[in-house]
Structures are given as C-alpha cells and as structure tokens.
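This report describes selected features of a protein model. Please view the sequence and the structure below before reading on.

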Amino acid sequence: MVLSAADRAAVRALWRKLGSNVGIYATEALERTFTAFPTTKTYFAHFDLSPGSAQVKAHGNKVADALTTAVAHMDDLPGALSALSDLHAHQLRVDPINFKFLGHCLLVTLARHYPGDFGPAMHASLDKFLSHVISALASSYG
Amino acid sequence: MVHLTAEEKSAVTALWSKVKVDEVGGEALGRLLVVYPWTQRFFDSFGDLSSPNAIMSNPKVKAHGKKVLNSFSDGLKNLDNLKGTFAKLSELHCDQLHVDPENFKLLGNVLVCVLARHFGKEFTPQVQGAFQKVVTGVANALAHKYH
C-alpha cells in the first residue's frame, strides 16, 4: 500500500481546499471519535469533553497542525512524525488502535463536509495516507 | 445484542427511512472494493474491477451491493436479535463463501462514510455513534457462527 504520486497529489489538493479550516475539521473528528468510540475518552479524563469545549478545540488544532506537517512530508512520514510517535508511545502511552478510530472519524468528517470531493478514488487516497500516518505514529512503540 | 438508547434507535430509524437502499448499497460495496482492493478476492466472477470507475459502474457490484444492504435493513428491524437474524448468513459466509469477518468491519465503516457523505449536517456525531453501534452489532452477528 505505497502512496502513489496520484495519492499524494489528491491529498495535497484536498488539503489546499481545506485551507485554514483544518483545525475545525480535526476538532469535529475528535468530537466524533469521543462520541462514536467512547473508550477513547479514557485518555482525556482530565478534559472537559462537553460540546464546544475549548480544550477539545485546542487539541483539534494540535492534531490539525500534525496532519498538515504530515501532508507536507509524505515522502518521509516516520521522520516527520518521530517526535510525535515518541510522545504517544512513551509519555501518553496511547494504544495505537485508537489512531484508527480518529482516522476513520476524519474520513467521516471530510465526507460530511466535502461530499462532492469525496469520490471513491479520493476516499482511497485519504485512507492510504491516514494509514501511513498511523503507521508512522506507531513506529516508536514496543 | 446491540444496546441503543431510545433516542439512538429513533435517530437510526429516521435516517434509514431516507436511505435509497439500492444506491447506497452499490456505493458502499464499490467503495469497499476501491479503498480495500484485497476485498476484490471474493468477486472474481464480477468482471471488470480494473479501476475505480469500472468498479463503481459495474452492474454486478451494484446488484450485490443492493442485496447486502437489503440484508442490513433487515438487521435494523431486528436490533434486539441480530445474532438470530444473521445466523444463516453467518454460516454461509463462513462455510461457503470463506469471508474473513474483518471484512464486515471494513464494510460497516465504509457504509458510515457513505451515509456521512449523503446526509451531511444531519449525520451528527450522535447519529454516527448510533450507526457505529449498529454496524459493529451486524459485523459481530455475521461472525457469530464462524468456527
């Protein structure tokens, strides 16, 4: 499942379209993750998780920045995300299954907001990209 | 058994009543084959699956998608007894079709994406949450008779 040139181009094009809204969508993806996969909340017991929470929004922005970094470094995701991988593995100690839940909810968020852009080929490219991000994030584990 | 609150049940029923089962079925199955190409292994007899366009317009994919989603609809009418409802289909998928149950989870999540795309704003996090419970329940019921 290598990221082809077409996959990268598709992801970059969509990211350009998202523009400054990446934070909004990442926040929505987080909200969806907490609602649809309640076990993920166990990592955020110290957060206010009520709708519109400023903490969730701030975290959404962090996730957005990391994803934007990933989009800019698709040829070296493990390198670009190595610090984040260390953080999640050794400090936060998040079980990597949870990255998949967030990845899925990101896809759902993008499908909801960009139905016209979310054709099957784009869906496939995004899914591949997120799989690679997740893989890079999990690389420091064990 | 799937545990939906009364609110979740009515949200799921309300949204599903607006779903064009024929179209959504074909779209979900098509996307499964595009996004997770190894799933094509079960559909050698379906003809041209050589590109996303070929897959999405393939009449056998559409017909089978419709079949799958009609089954899913049955599940939605029997949320209190998914294992019973899908017992025969579970045996079929294990004994005759030899389908890895992991694929049911993949299809469930693709269906959620398709619903999000069709319903937009209406597909709130709460509605998504309810549907995630349903697709997990159906996937588990379909895997239940495996041995």
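## The surroundings of B:L69

Leaving aside residues up to four places away in sequence, B:L69 touches B:W16, B:V19, B:V21, B:V24, B:G25 and B:L111, where contact means heavy atoms within 4.5 Å. B:L69 belongs to helix α4 (residues 59–77) of chain B; helices are DSSP runs of H or I with at least four residues, numbered from the N terminus. B:L69 counts as buried because its relative accessibility is 4%, and buried means under 20% relative accessible area (1.4 Å probe, protein chains only). Between B:L69 and B:E23 there are 46 residues in sequence and 9.4 Å in space, C-alpha to C-alpha.

## Basis of the model

The model is predicted: local features need pLDDT of at least 70 and side-chain atom pairs pLDDT 80 or more, whereas totals for chains, interfaces and linings use all residues. Residues are numbered from 1 along each chain as its sequence is written, chains are lettered from A in the order in which they are written, and side-chain values use heavy atoms, without hydrogens and water.

## The interface of chains A and B

Chain A contributes 20 residues to the contact and chain B contributes 22 residues. Together the two chains bury about 1,800 Å², with 65% of it on carbon and sulfur atoms; buried area is the accessible area (1.4 Å probe) lost when two parts are put together, summed over both. On the side of chain A that touches chain B, α2 (22–36), α6 (97–113) and α7 each supply at least two residues. The largest share, 6 residues, comes from α6(A).

Key
Buried < 20%, exposed > 50% of the residue type's maximum accessible area, 1.4 Å probe, protein only.
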